[in-house]
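Please read the following briefing alongside the sequence and the coordinates.

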Amino acid sequence: MSSEPGPKSDPEDTAIELKNPALAAFLAWLVPGLGHFYQGRWAKGLLFSVSILGTFFLGLFLGSNAEVGPGRVVYVSRDPFRPHYLCQVWAGVAALPALYQYRQFSAGKSPGDSPLGRFMWPPKSEPDFRGNEADHLNLSLHRFFELGTVYTMIAGLLNILAIFDAGAGPAPILEDPKKTPSAEKTAAVTSAAAAVAATSPDASPSSPAAVGAGLGPPGGDAKTREKL
Amino acid sequence: MDGLPLFAATMWLSDLIYAAPLVVVVSLVYAATRQEKMEHILSHATRLGMMITFFLAVISALLSWMDWLVSG
């Protein structure tokens, strides 16, 4: 089984007009797929948009219920530090309300003071277990807290791939030079030419045999080909 | 209490449903970053999805076997 499934990259595939790659990459971060729309790569843009935003919002949905409020799996917290947001933030503008909510939270406001309510509101951390809202989120959402967190994190991480695709085009699939048919053919041709050179006293890269073996000068010699 | 292991197994299997959307999405997005044409993307994603599913199935079977060893 090869390490890279699927067809090899077509050289035509990589001939893509990336327009302004930096702007495309920024747009791809801002809204998944937007960078590809800007480049006119509509099908891929739609694929990235639906796949990544769908996963992110499905994760938000899993991390919601009537008791704790909507979207409680995406939030910023410094104490205790929540590293998950470092993955979620790559989903772009969809994850940015968490930063706004954290600013509100840090200013001592309550969810009622925020126009977004409890959406992405960071849980209040208390030394006492009974007052720790993060634990309450886990208890209330049960396994959906982790599932929603994983979904939103994976959406953000996948968008990193999409950002690179918008900025630099599809990554080429590297082939093993020892296994490619073209390499085998080149090796056979080289050995044939070497054999010819050993037997023919006037063997040179432009000799008929060498040209016939594919090692002649570029463009070939019409007369020589006729002789062969 | 006899039905408890069956109930737990059913719950465990039902949770695997949540892996399906991730397998599809990861396969599609990864393939789309390696190919440009849609037919190549779909072909690549299908093979990758099958590989991921096979890998998950092997890991799940291994973990189930280890669980059976520990609890049995």
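**Nonpolar surface and charged contacts**

In chain B, a nonpolar surface patch of about 1,100 Å² is made by B:Phe55, B:Leu56, B:Ile59, B:Leu62, B:Leu63, B:Trp65, B:Met66, B:Trp68, B:Leu69 and B:Val70. The model is a predicted one, and it scores ipTM 0.84 and pTM 0.76. A search of the whole structure finds six salt bridges over all chains, and several of these are described below.

**The patch**

- One of the patch residues, B:Leu69, belongs to helix 3 of chain B, which spans residues 38-71.
- B:Leu69 has a relative accessible area of 46%, and is therefore classed as partly exposed, a value that clears the cut-off of over 30% that patch residues have to meet.

**Confidence in chain B**

- Chain B has a mean pLDDT of 88, with 83% of its residues reaching 70 or more.
- Within chain B, confidence is lowest in helix 1 (residues 4-15), where the mean is 67, and highest in helix 2 (residues 19-32), where it is 97.

**A salt bridge within chain A**

- A:Asp165 and A:Arg41 form a salt bridge in which the closest N and O atoms are 2.8 Å apart.
- This pair links distant parts of the chain, 124 residues apart, since A:Asp165 sits in helix 7 (residues 143-168) of chain A, while A:Arg41 sits in the loop between helix 2 (34-38) and helix 3 (42-62) of chain A.
- Both partners, A:Asp165 and A:Arg41, are buried.

**Salt bridges between the chains**

- B:Glu36 forms a salt bridge with A:Lys44, with the closest N and O atoms 3.0 Å apart; because B:Glu36 lies in the loop between helix 2 and helix 3 of chain B and A:Lys44 in helix 3 of chain A, the pair joins two chains.
- B:Glu36 is buried, with a relative accessible area of 17%, and A:Lys44 also counts as buried, at 2% relative accessibility.
- B:Asp15 forms a salt bridge with A:Arg143, where the closest N and O atoms are 2.8 Å apart; B:Asp15 is in helix 1 of chain B and A:Arg143 in helix 7 of chain A, so this pair, too, joins two chains.
- B:Asp15 is partly exposed, with a relative accessible area of 28%, and A:Arg143 counts as partly exposed at 26% relative accessibility.

**The network**

- A:Arg41, A:Lys44, A:Asp165 and B:Glu36 are linked with one another in a network of salt bridges.

Definitions and conventions. Residues are numbered from 1 along each chain as its sequence is written. Chains are lettered from A and ligands numbered from 1 in the order in which they are written. This is a predicted model: local features need pLDDT of at least 70, side-chain atom pairs count only at pLDDT 80 or more; totals for chains, interfaces and linings use all residues. Side-chain values use heavy atoms; hydrogens and water are left out. Patches are made of residues with over 30% relative accessible area and no salt bridge: like charges are joined within 9 Å, nonpolar side chains (Val, Leu, Ile, Met, Phe, Trp, Tyr) within 5 Å. Accessible areas come from the Shrake-Rupley method with a 1.4 Å probe; for residues, only the protein chains shown count as cover. A salt bridge is a side-chain nitrogen of Lys or Arg within 4 Å of a carboxyl oxygen of Asp or Glu. Helices (H or I, at least four residues) and strands (E, at least two) are DSSP runs, numbered from the N terminus. Buried means under 20% relative accessible area, exposed over 50%, partly exposed in between (1.4 Å probe, protein chains only). pLDDT is the predictor's confidence in each residue, from 0 to 100.
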